[in-house]
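Hi everyone, thanks for making time today. Let's have a look at this one together on the screen.

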Amino acid sequence: MARVLPTKKTERAGVNEFRALLEAAGHIVQEIDGGNDYGEDCYLSFTRNGERTGDIVAVQVKSGTAYRRAVGYGISCREHLHDWTRSRIPVIGVVYDPDLKKLFWANLTQYLLHELEQGRTPKSVPVGETAVLDADTVASVVLRIRRFIEENDRVRPIELGLGQSLVRKANRLRGRHSNDVDRTPVGGLPYEMAVPAVDFHERHPRVGPAVKRGLLTTVILCCLAMLGPGLYGAVESNGHYSWPFSGWMWLVSYYGTVLCLLAASSLDPQRKRARLLRWWAFALVWSGWYVGMAHQTSAWTAQPVFEWIFVVQTPVLAKLLLCFLGGRYVYEEMSRRRRLKAAYPDGLPEGA
């Protein structure tokens, strides 16, 4: 007799949970035959007051513990990146955790379009562990998805502002009796002078980001080195040391804080906090440039109150900030391991 593989049962469990939840909320779920599955498992049609709204999304459902990550979950997009970003209807991703028996969701189209606009090519889409899809959150999730559909000219080109609607109508009338063939190449005309550079970037996609990081690091280190004499003079002229030795220890605290913030921003898994840490580091560099150059050149004179606050309070704030960050990272790692132990009571898997 034919055997039913455990993986198949797990996959069906995720689809069944999703279908039961959305149909209980009154929406329509239409599954796609497994033989025709090219990155979407089903279509979801939204309803309101028992009537279809016309809003439709495609859904990719993933089930199992293989999609767990150090923080939350992840859905691979290597094979479907272009499909999900070029789709005329949005694509959402759903992950079903069989141990927790919970569904988690993410807007795949929204995330991938944002990453491509930033010049990044992601390999997977993160799914937050707080993005729970259940009976309590399904209404708000549906509202967010429908709002995304309305704000993006993908599903409802008719629902535009008055000005855009008039422009589109004029364009249609202008081209109604025209049979001219648009001979512009797909994607537009090529920029011949940039072809070699772009070809090299596509053959070696990791070189560009590495060079960018190296240049940025070099510029920051050069700036810090140039600021040393001026900052030492600023500390000496204020006649106050927050550290028990001399102005040299002040420089150690200043440089150490900037480098620690940059290192933490490159390792922090949360992008918003990593961006904030980088801004703090650049703010310190800019403040040091303003005060240090005022003591090295006669181009300008630093504002006395700002200089005093910067020189006197920087070591104190640096110590508090680094202690807070260290404690925060320890707390979040302990929380992550506690969640993993709750999900794997029989022992953590390798690499967790």
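Leaving aside neighbours within four places in sequence, which residues is aspartate 41 in contact with? Keep that in mind while I show you around. What you see is a predicted model.

Let's start with the sheet. It is open and has six strands, in the order E1-E2-E3-E5-E6-E8, and the pairing is mixed. At the edges are strand E1, residues 28–31, and strand E8, residues 132–133, each of which pairs on one side only.

Now find strand E2, residues 42–48, and strand E3, residues 51–63. These two run antiparallel, and six bridges join them. If you'd like a landmark, serine 45 stands opposite isoleucine 56 in E3.

On to the helices. Helix H4, residues 138–151, packs on the sheet and touches E2, E3, E5, E6 and E8. Its direction makes about 110° with that of E3. Helix H3, residues 108–117, lies across E3, strand E5 (91–97) and strand E6 (102–107), and runs at about 40° to E6.

Back to our question, then. You'll find aspartate 41 in the loop between E1 and E2. Neighbours within four places aside, aspartate 41 is in contact with Glu31, Ile32, Val59, Gln60 and Val61.

And is aspartate 41 buried or exposed? It is buried, yet it has no salt bridge. The nearest side chain of opposite charge belongs to lysine 62, 6.1 Å away.

How values were computed: Residues numbered from 1 in each chain as written. Predicted model: local features only at pLDDT ≥ 70, side-chain atom pairs only at ≥ 80, totals over all residues. Heavy atoms only, no water. Pairing = 2+ DSSP bridges. Helix = DSSP H or I, 4+ residues; strand = E, 2+ residues; numbered from the N terminus. Contact = heavy atoms within 4.5 Å. Axes fitted to C-alpha atoms, helices over the stretch in contact; angles between N-to-C directions. Buried < 20%, exposed > 50% of the residue type's maximum accessible area, 1.4 Å probe, protein only. Lys, Arg positive; Asp, Glu negative; His and termini not counted. Salt bridge = Lys/Arg side-chain N within 4 Å of Asp/Glu carboxyl O.
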